[in-house]
Amino acid sequence: MLEIKNVTKVYRTKGGVDTKALDDVSIAFPETGLVFLLGKSGSGKSTLLNVCGGLDEPTSGEVIVKGKSSKSFSGSDFDSYRNTFVGFIFQEYNVLDEFNVEDNIALALELQGKPKDKEKIHKLLCDVELENFAKRKPNTLSGGQKQRIAIARALVKEPQIIMADEPTGALDSATGKQVFDTLKKLSETRLVIVVSHDREFAEIYGDRIVELKDGKILTDVTKTNVPPQAIDDNVTVIGGNTLNIKKGSKLNKDNIKAIQDFVLSCDGDVIITKGEKQIDSFKKANRMDDDGATETFGDTKSEDIRLRQYSKEDSKFIRSRLPAGKAIKIGASGLKLKPIRLIFTIFLSLIAFTMFGLFSTLMVYDGDSVAKNSFMQSGYDFINLSKMYETRITNSYDGRDDYTYQSYSFVKFTENELSDFTKTYGESTFGYYAYDTELDNVKMKNEKGGYYQAGLSKFAYIAPANAMRNKVTGDYPASLNEMCISKYLAEVLLTANSDVYAVKEDDKGNISYETKVDINSVNDVVGKTVVLNLRGDRQKFKITGIFDSGEIPKKYD
Ligand code: ADP
Ligand code: MG
């Protein structure tokens with residue numbers, strides 16, 4: 001069933017120190033029987049059990065299960081092996097407090113993909129004498145009761161091997177005895193491997209004792225029955241100087257002679273007693289049965305271990321699976337037990353997510369596109385853009401640098417910037433730009449009682465051409481020195497009528513202002529020429545049309 005060959009297990013600790021917990025250990029286990037792993041603390045018992053049970057993988061060597069070597073194991077085969085063939089019993093019971101007794105046992109079934117079998121669970125609880133405890137939570141049970149639950153849980157999947165690591169370590173000796181009695185009974189039909197440091201229990205209950213020291217096998221002994229040496233039917237010699245007279249027998253002359261000879265052959269005193277109680281405990285201590293056969297331990301021989309031949313079918317593993325709901329319950333219970341940690345975790349997560357959100361926003365933040373999107377969402381048909389630079393001049397007064405003069409100067413958009421606008425706002429962008437008109441800073445009252453901001457200067461006008469085309473009165477500009485002006489500007493000119501002069505141009509192209517021009521309606525503006533002072537360079541533009549830029553929103557009045 002189970003065999004390990006040349007198994008070495010090395011633990012590498014943080015300091016880089018290697019601990020050889022198992023050093024080239026080979027053991028073949030029998031099909032049934034109770035095998036004790038004995039040894040001092042740190043001798044490697046638990047490691048050996050864990051390797052045998054597939055809880056831990058060997059560093060080198062192999063574990064052979066039903067003829068299948070761990071060398072041919074893949075991925076989760078160790079888990080599956082354990083799940084299929086091994087029932088574990090731990091010192092700390094490892095029963096889950098979140099589930100009641102019945103569900104703890106059912107969980108072992110569900111791990112094998114089998115349904116919860118109430119009848120079977122009830123029978124197992126009867127076996128461990130806890131039939132009335134099915135609905136109890138483990139934290140209401142004593143240590144001995146919990147360990148028996150753990151045994152019932154190990155048994156529910158009918159494992160062919162039971163492994164127990166110091167199963168009675170946390171129990172008093174009377175309760176411990178019950179556990180061993182149970183294990184002894186179970187070992188009649190399956191292999192039971194028990195880790196213990198209690199030699200007395202090992203010798204009473206064990207069929208075989210493997211003693212470890214420093215990760216190596218020190219001794220490996222198997223219990224054998226030594227039959228008594230019969231002198232005749234009534235009198236037998238057991239061991240060196242113990243004579244057994246069968247209970248209730250009538251001694252004849254030959255018997256008495258034999259007893260006499262035996263007494264003479266013994267060194268030291270011979271006590272003949274008829275205290276039955278004492279004799280019973282003497283027999284027990286010397287592990288003697290009623291017929292006087294004694295149990296002794298002799299070196300384990302390979303004949304003692306009958307290994308079966310296994311087919312591929314025998315070593316088929318059942319993959320372990322934990323139902324999602326149960327997994328979540330087990331996982332979440334950890335949080336419930338540590339509320340401070342839970343709060344702290346939530347707090348840290350919040351900070352982490354906030355930081356993540358903030359930084360990812362900052363990283364993708366693009367001011368231009370945010371501005372663009374907000375204009376578009378506000379439903380503007382067009383917007384005015386201007387460009388300026390800031391100048392800061394710090395003046396010293398009385399040696400103190402405390403006066404800062406700040407000014408803004410307007411500058412012309414470059415060709416690149418203009419083509420960027422086109423790219424950003426689409427092919428249909430229409431635009432012109434103007435600086436320093438004669439109308440600069442004229443503020444005039446409009447009919448509504450508000451003021452027109454007459455400054456024609458320093459802004460570029462950008463609007464979708466399509467949006468304008470249908471709204472132009474007059475002609476669309478056809479050359480660079482023609483332009484349409486907005487109805488708003490035309491109204492400004494109309495209002496400022498008294499300040500509008502005609503421009504006269506001489507042969508050399510010099511421009512002078514002459515007669516006042518009468519503008520009596522908005523449409524009178526069309527056909528007129530305006531002079532714009534572009535950074536000291538005067539340029540003429542013929543107004544070919546007026547476009548209706550719509551009502552000026554109230555809030556700008
Ligand atoms: P036992 O069960 O006989 O008391 P163990 O098998 O638990 O002994 O341990 C054997 C040796 O291996 C000890 O020296 C122990 O310190 C070491 N050991 C066991 N488990 C680990 C581990 N997970 N990491 C590092 N060293 C370990
Ligand atoms: Mg141990």
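What share of the contacts in the chain with a separation of 6 or more comes from residues 24 or more positions apart? The share is 63%, where contact means heavy atoms within 4.5 Å.

**Figure 1. The whole chain of a predicted model.** Residues are numbered from 1 along each chain as its sequence is written, while chains are lettered from A and ligands numbered from 1 in the order in which they are written. Because this is a predicted model, local features need pLDDT of at least 70, side-chain atom pairs count only at pLDDT 80 or more, and totals for chains, interfaces and linings use all residues; side-chain values use heavy atoms, with hydrogens and water left out. The chain has 15 helices and 27 strands; these are DSSP runs, with helices being H or I of at least four residues and strands E of at least two, numbered from the N terminus. Of its 557 residues, 38% count as buried. Buried means under 20% relative accessible area, exposed over 50%, and partly exposed in between (1.4 Å probe, protein chains only). Accessible areas come from the Shrake-Rupley method with a 1.4 Å probe, and for residues only the protein chains shown count as cover.

**Figure 2. The shell around ligand 1.** Among the residues surrounding ligand 1 are Tyr11, Thr13, Lys40 and Thr47; a residue is near a molecule if one of its heavy atoms lies within 4 Å of it. By class, the shell holds two nonpolar, eight polar and two charged residues. Ala, Val, Leu, Ile, Met, Phe, Trp, Tyr, Cys and Pro count as nonpolar, Asp, Glu, Lys and Arg as charged, and the others, Gly among them, as polar. Both β2 (18–29) and α1 (45–52) supply at least two residues each, and α1 gives the most, with three.

**Figure 3. Oxygen atoms of ligand 1 and the protein.** A backbone N or O atom of Gly42 lies 2.6 Å from an oxygen atom of ligand 1, and one of Lys45 lies 2.9 Å from an oxygen atom of the ligand. In Ser46, a side-chain N or O atom is 2.7 Å from a ligand oxygen atom. Ligand 1 taken alone exposes 550 Å², of which the protein buries 62%.

**Figure 4. Positive phi at Asn6 and Asp214.** Most residues other than glycine have a negative phi. Asn6, in strand β1 (residues 2–12), has a positive phi of about 50°. Its relative accessible area is 42%, so Asn6 is partly exposed. Asp214 lies in the loop between β9 (208–213) and β10 (216–226), and its phi is near 50°. Asp214 counts as exposed because its relative accessibility is 58%.

**Figure 5. Thr168 and Cys484, two buried residues.** Thr168 sits in the loop between β7 (161–165) and α6 (173–186) and counts as buried at 15% relative accessibility. Not counting residues up to four places away in sequence, Thr168 touches Gly176, Val179 and Phe180. Cys484 belongs to strand β23 (residues 482–486) and is buried, with a relative accessible area of 3%. The C-alpha atoms of Cys484 and Phe541 are separated by 9.4 Å, and the two residues are 57 residues apart along the chain.

Technical notes. Polar contact = N/O pair within 3.5 Å; in protein donor to acceptor, adjacent residues only side chain to side chain.
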